[in-house]
Amino acid sequence: MGSLSSPGIGSGLNVNQLVSQLVAAERAPQDRRIARLESDARADLNAFGQVRGALSALQAAANALDGAAGSVGRRATVQAEAGFTASVAANAAPGRYAIEVVRLAAAEKRQSEPRADAADLGTGTLAFTVGSDTFNVTLGPTTTLAQLRDAINASTGGRGLSATVVRGDAGSVLVLNATNPGTAGAIGVSASGSIAGFVGADGSLLQVTTPAAQAEVRIDGIVRTASSNRLTDAIAGVTLDLTRAAPDARFNLDVGTDTAGVRGAVQAFVGAYNGALAVLRSVSAVNPTAGTASALAGDSAVRGLQQQLRGLVGGAFSELSALGIRGSKDGTLSLDAARLDAALAANPSAVEALFDKDAPGSLGARLGAQLDGAVQPNTGLLEARTRALNDRLRGLQTDRERLDVRIARIEEGFRRQFTALDGLVAQLQSTQSFLTRELARLPGASS
């Protein structure tokens, strides 16, 4: 007989179900093994990722205390109602200053007599001087206020002075504004031709409404004048911005240390250190009562990192304690902010010196070397472990692909065997039917 095209149709056996069950039974142990190994590797990868993140955060916090980022700053405190504000640089010396703002610097302003907009002001030449700059304005046969304004602005290009026209009830007024405050920005005017009848040959008809003035302050009684209301060099490291004149009134400026930035950086380091220890404990924890263990329980790398971090901090216990950083029985740190502020007041570079990575034997140098060895890309310990785990996962994927090929071959063999069995059973059933019919025809078969 020919082979059957549909397994089981000849014998009535459910060949597809039998093959599927046998294949599943063959695959299951290897599937479970590969799945378990993949799950373990992914759990380890996740745990190492947590460790890398925590140690990188600790590295960043330690680096923030190294060098300029860890230095003590300065803070300026200005007495209420003072006519000035102040900002300070890190090199400003602490101290108190009594400051009196006698006069603010002012830019000169001039204005003409009112005229009608269409009035002809005359012709000729105007010469303006501002400091060392001279601007000559040559006027046409007729000149209105608007034309004079535009001619002045075209000549000066906004350097030294600018002109505008203000319209009032009595007529329009030419207004000249000095660009820079102080006496060096004062406006000089001379005129020739008929335009002199409007501005004056020496500019005297352009009335000075705001005279140019130098700023004047007294700092602890020391007189200082300036052409600007911003003084950057009166007190080393201090910038004064004058806002209001108050002659005979003195206001205090206090320059003191500002430890807020360093305190915040130290607190961030304490938090990052505690966070790193917490992650290392979490990924290697064992619960004997529940019979459970974390992904990296018993891992020598994690155990070594814990011991090394605690050893580094313990080795600098006296220096850390002097800065208000205290340890506890579980290895975590805490910060006494008041003690840190007192330590920085006595030695502003104390934190910087302790965490200086370039200072041999400092906590910063030893901690930096340890963390670099753990999290450094390409060469760090955690990178090597992560690379090994990824290689393991790729190997398990290869094992799964090989298993698929082997199971496909096994399934093919089962199907050949059951197809042959199906054909044999079908033949036997056909022979049985034939014999049954023939025996039924024999004499006496009915009895």
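A nonpolar core here is a set of buried Ala, Val, Leu, Ile, Met, Phe, Trp, Tyr and Cys residues joined through side-chain atoms within 4.5 Å; buried means under 20% relative accessible area with a 1.4 Å probe, protein chains only. Helices (H or I, at least four residues) and strands (E, at least two) are DSSP runs, numbered from the N terminus.

This is a predicted model, where local features need pLDDT of at least 70 and side-chain atom pairs count only at pLDDT 80 or more, while totals for chains, interfaces and linings use all residues. Residues are numbered from 1 along each chain as its sequence is written, and side-chain values use heavy atoms, without hydrogens or water.

Next, zoom in on leucine 55. Beyond its neighbours within four places in sequence, leucine 55 is in contact (heavy atoms within 4.5 Å) with residues including Ala276, Leu305 and Leu371.

Then move to the open sheet S7-S8-S4-S10, whose four strands pair in the antiparallel sense; pairing takes at least two DSSP bridges between two strands. Select strand S7 (161–168) and strand S10 (207–210) to see the edges. On S4, lysine 109 stands opposite threonine 210 in S10.

Finish at glutamate 100 in strand S3 (residues 95–103). Glutamate 100 is buried, at 5% relative accessible area, and its side chain reaches the backbone nitrogen of aspartate 248 at 2.6 Å.

Technical notes:
Buried means under 20% relative accessible area, exposed over 50%, partly exposed in between (1.4 Å probe, protein chains only). A polar contact is a pair of N or O atoms within 3.5 Å; within protein, one must be able to donate a hydrogen and the other to accept it, and residues adjacent in sequence count only if both atoms are side-chain atoms.
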